[in-house]
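Student: Please take me through one part closely: the interface, and the spaces to look at alongside it. I am new to this structure. Keep it brisk.

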Amino acid sequence: MSGFDKVVHSYEEAMAGLTDNMTIIAGGFGLCGIPENLISEIKHKGTRGLTLVSNNCGVDGFGLGLLLPDRQISKIIASYVGENAEFERQMMSGELSVELTPQGTLAEKMRAGGAGIPAFYTATGVGTPVAEGKDERQFNGRDYILEEAIVGDFAIVKAWKADRYGNLVFRKTARNFNPLAATAGKITVVEVEEIVEPGQLDPDEIHTPGIYVNRLIQSTFEKRIEQRTTRPAGE
Amino acid sequence: MALSRDQIAQRVAQELQDGFYVNLGIGIPTLVANFIPKDIEVMLQSENGLLGMGAFPTEDEVDADLINAGKQTVTMAAGASIFDSAESFAMIRGGHVDLTVLGAFEVDVNGNIASYMIPGKLIKGMGGAMDLVAGADNIIVTMTHASKHGESKLLSNCTLPLTGKGCIKKVLTDLAFIEIKAGKFHLLERAPGVSVAEIIELTQGELVIEGEIPEMKFS
């Protein structure tokens, strides 16, 4: 009997059931808080035709950028994709379809998807290319557009700590889209730096309750830094 | 003479008020943080999920889990808080941020802004900019007044895809501080040593000039 124990012991097990043409929601902002080992597993599996929902698409050779050389992604829904030469090439040649989505709308699409809300109105994007083909409506004299929620076949998430029941704690700005992604996957897979026993996390400090989590795996992370900016010591 | 990037930031910083929550965009807006007057408290919001952004870290303090919206490593100021992206944009869309400063390619007399895409050339995405311009009431756009080839960026109609419609009221360029109201640009201040005639020459949209236009002051 495993009860609420979500722990799996291999990456193969963690991503079991992922097949071609599925939609994956990924947490992370830039390279911060990305589920880097789960992404590597998808590369290793060679799954293709994927729709990726993620704020960014990694860089050449790291993060979601790893899925580009073998053309595993057919469509990406993202807010900012400017860090990646291979991405740009595939987008310009039409091999990769890109749906640019405002960052707040993207976060809300995940939140709504996880909360059973099919769509929501927002002022973001009114009068811009983002509004094309979307329902518009006025509330209190202001224009809003209707944005639809997103649910993924899989959500892949990076957290800092978890207990075996999948209760999650994130660390600093590595939180970003991760708690939202966690709610919006039909199968939510989380990789963490440390797994503790139930009862060892303070319930008041849990960011994501384990009810959203299906599989949990412990690993180590490279945590590559995109823009290492420092000030001299002593200032 | 045209303002330097630092001077643009310095002039924007004069608009900060004690107790303001402020979101600074990438580029010149980020520099505003270097000129916050010593006698006021301002808290910086970074839309990846940090309110109370601190200085860049020392080499020893660098933490891959702590970055700003420009993906730079940062630190947290005392009293900082961390939250997820939906919470971050709830602050922005809910109008809780007191001042937003961001860059642009073009602005027009109707307060439209184009800042995220040059079709066929630059398609990186809007990031949080569309949310910021739609959610904030108090926005300052910083940009150069004209391109390197002398083409005005203050237009009667934006030519590039819009980031937001009718949402910009203030623009600070390297030449001038301009307010947008009733479908016209209004010249408020000019950069030291820059003449009104030079500003007129480089402003394509209708520009209203009322009375003597003061020079910007830098202490």
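Tutor: **The interface**

Across the interface of chain A and chain B, 28 residue pairs are in polar contact, both residues at pLDDT 80 or more. A polar contact is a pair of N or O atoms within 3.5 Å; within protein, one must be able to donate a hydrogen and the other to accept it, and residues adjacent in sequence count only if both atoms are side-chain atoms.

The model is predicted: local features need pLDDT of at least 70, side-chain atom pairs need 80 or more, and totals for chains, interfaces and linings use all residues. Residues are numbered from 1 along each chain as its sequence is written, chains are lettered from A and ligands numbered from 1 in the order written, and side-chain values use heavy atoms, leaving out hydrogens and water.

Now the salt bridges. There are 6 between chain A and chain B (a side-chain nitrogen of Lys or Arg within 4 Å of a carboxyl oxygen of Asp or Glu). In one of them, D63(B) pairs with R171(A), with the closest N and O atoms 2.7 Å apart.

Which elements of chain A take part? Helices (H or I, at least four residues) and strands (E, at least two) are DSSP runs, numbered from the N terminus. α4(A) gives the most to that side, with 6 residues. By class, the side of chain A has 21 nonpolar, 18 polar and 12 charged residues. Ala, Val, Leu, Ile, Met, Phe, Trp, Tyr, Cys and Pro count as nonpolar, Asp, Glu, Lys and Arg as charged, and the others, Gly among them, as polar.

The contact (heavy atoms within 4.5 Å) takes 51 residues from chain A and 49 from chain B. Together the chains bury about 4,000 Å², 59% of it on carbon and sulfur atoms. Buried area is the accessible area (1.4 Å probe) lost on putting two parts together, summed over both.

Next, the second largest pocket. On a 1 Å grid over the protein atoms alone, a pocket is an open set of points with protein on both sides within 12 Å along at least five of seven lines; a cavity is a set where a 1.4 Å probe fits but cannot get out; lining residues have an atom within 4 Å of a point. This pocket has 20 lining residues, with R142(A), A134(B), K165(B), G166(B) and C167(B) nearest its centre. β7 (142-148) of chain A and α4 (129-135) of chain B each give two or more. α4(B) gives the most, 4 residues. The lining has 7 nonpolar, 8 polar and 5 charged residues.

Last, the largest cavity. Its lining includes K158(A), R224(A), A64(B) and D65(B). By class, that lining has 5 nonpolar, 1 polar and 5 charged residues.
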